[in-house]
Amino acid sequence: MIEVGKAGHGQFCWVDLAATNVEDAKAFYGRLLGWSPQELTANGGAFTRLQLLGQDVGSVYQMRQAHVADGVPSHWTPYIRVDDVDTIARRAASIGGKVLVQPFTIDGIARIALILDSVGAHVGLWEPLNGSAEQEAHG
């Protein structure tokens, strides 16, 4: 995976797993690939950074119970590094995509948005926060 600090505009840079059972997901990937969890907080919630040999490989977080109850399955979201998440989200909507989650800031890490592209695939947009130490370490 290309790291956020090294990825240029338009390159994939990160991946998140939204899990119906975060503890099961952490255990599964730990046993399968040797990924170790690093527990973190942001925006009043918790997520787990997944690492292999001290290098970040992605993150996992617990899906909201309302989504689980609605039958939304666990799913991976890849993120594309962009220079201006607000502009790119608007552009996506203007060319046949849809903004699923409006751009917002993850404290100390990045501004992100989730979009549906013109063929129905979802993807995240990731704009690192300038000067953030976390931006270099996350992704």
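**A conversation about strands, a hairpin and a pocket**

Student: Where is Leu53 placed?

Tutor: Leu53 sits in the loop between S3 and S4. Please keep in mind that this is a predicted model.

Student: Is Leu53 buried or exposed?

Tutor: Leu53 counts as exposed, because its relative accessibility is 83% and the cut-off for exposed is over 50%.

Student: What is the phi of Leu53?

Tutor: Leu53 has a positive phi of about 55 degrees, although it is not a glycine. As background, most residues other than glycine have a negative phi.

Student: Which residue in the hairpin of S2 and S3 takes a positive phi?

Tutor: That residue is Asn43, with a positive phi near 55 degrees. The hairpin has two residues between its strands.

Student: How many bridges join S2 to S3?

Tutor: Seven bridges join strand S2, residues 36–42, to strand S3, residues 45–52. The two strands run antiparallel.

Student: Which residue in S3 does Ser36 stand opposite?

Tutor: Ser36 stands opposite Gln51. Ser36 is also among the residues that Gln51 touches, leaving out those up to four places away in sequence.

Student: What polar contact does the side chain of Gln51 make?

Tutor: The side chain of Gln51 makes a polar contact of 2.8 Å with the side chain of Asp56.

Student: And is Gln51 buried or exposed?

Tutor: Gln51 is buried, because its relative accessible area is 14%, and buried means under 20%.

Student: Moving on to Ser59, which strand is that in?

Tutor: Ser59 lies in strand S4, which covers residues 55–62. Ser59 is buried, with a relative accessible area of 3%.

Student: What does Ser59 touch?

Tutor: Leaving out residues up to four places away in sequence, Ser59 touches Trp14, Val15, Asp16, Leu17, Phe47, Thr48, Arg49, Leu50 and Trp76. With Trp14 there is also a polar contact between the side chains, at 3.2 Å.

Student: Let us step back. How many helices and strands are in the protein?

Tutor: The protein has four helices and eight strands. Along the sequence they follow the pattern β-α-β-β-β-α-β-α-β-β-β-α.

Student: How much of the protein counts as buried?

Tutor: Of its 139 residues, 40% count as buried. The accessible surface comes to about 7700 Å², and 55% of that belongs to carbon and sulfur atoms.

Student: What share of the contacts joins residues at least 24 apart?

Tutor: The share is 54%, taken among contacts between residues at least 6 apart in sequence.

Student: Now the largest pocket. What is its volume?

Tutor: The volume of the largest pocket is about 900 Å³. The elements giving two or more residues to its lining are strands S1 (12–19), S3, S4, S5 (75–81), S6 (98–106), S7 (110–116) and S8 (122–128).

Student: Which element gives the largest share of that lining?

Tutor: The largest share comes from S6, with four residues. In total, 29 residues line the largest pocket, and Tyr61, Arg64, Tyr79, Phe104 and Leu114 lie nearest its centre.

Student: Last one: which strand holds Val101, and what does Val101 touch?

Tutor: Val101 lies in strand S6. Not counting residues up to four places away in sequence, Val101 touches Ala113 and Leu114. Ala113 is 12 residues from Val101 along the chain, yet their C-alpha atoms are separated by 5.4 Å. Val101 counts as partly exposed, because its relative accessibility is 30%, which falls between the 20% and 50% cut-offs.

Conventions:
Residues are numbered from 1 along each chain as its sequence is written. This is a predicted model: local features need pLDDT of at least 70, side-chain atom pairs count only at pLDDT 80 or more; totals for chains, interfaces and linings use all residues. Side-chain values use heavy atoms; hydrogens and water are left out. Two strands pair if DSSP finds at least two bridges between them. Buried means under 20% relative accessible area, exposed over 50%, partly exposed in between (1.4 Å probe, protein chains only). A polar contact is a pair of N or O atoms within 3.5 Å; within protein, one must be able to donate a hydrogen and the other to accept it, and residues adjacent in sequence count only if both atoms are side-chain atoms. Contact means heavy atoms within 4.5 Å. Accessible areas come from the Shrake-Rupley method with a 1.4 Å probe; for residues, only the protein chains shown count as cover. On a 1 Å grid over the protein atoms alone, a cavity is a set of points where a 1.4 Å probe fits but cannot get out, and a pocket is an open set with protein on both sides within 12 Å along at least five of seven lines; lining residues have an atom within 4 Å of a point. Grid points are joined across faces, edges and corners, and a volume is the space filled by probe spheres set on the points.
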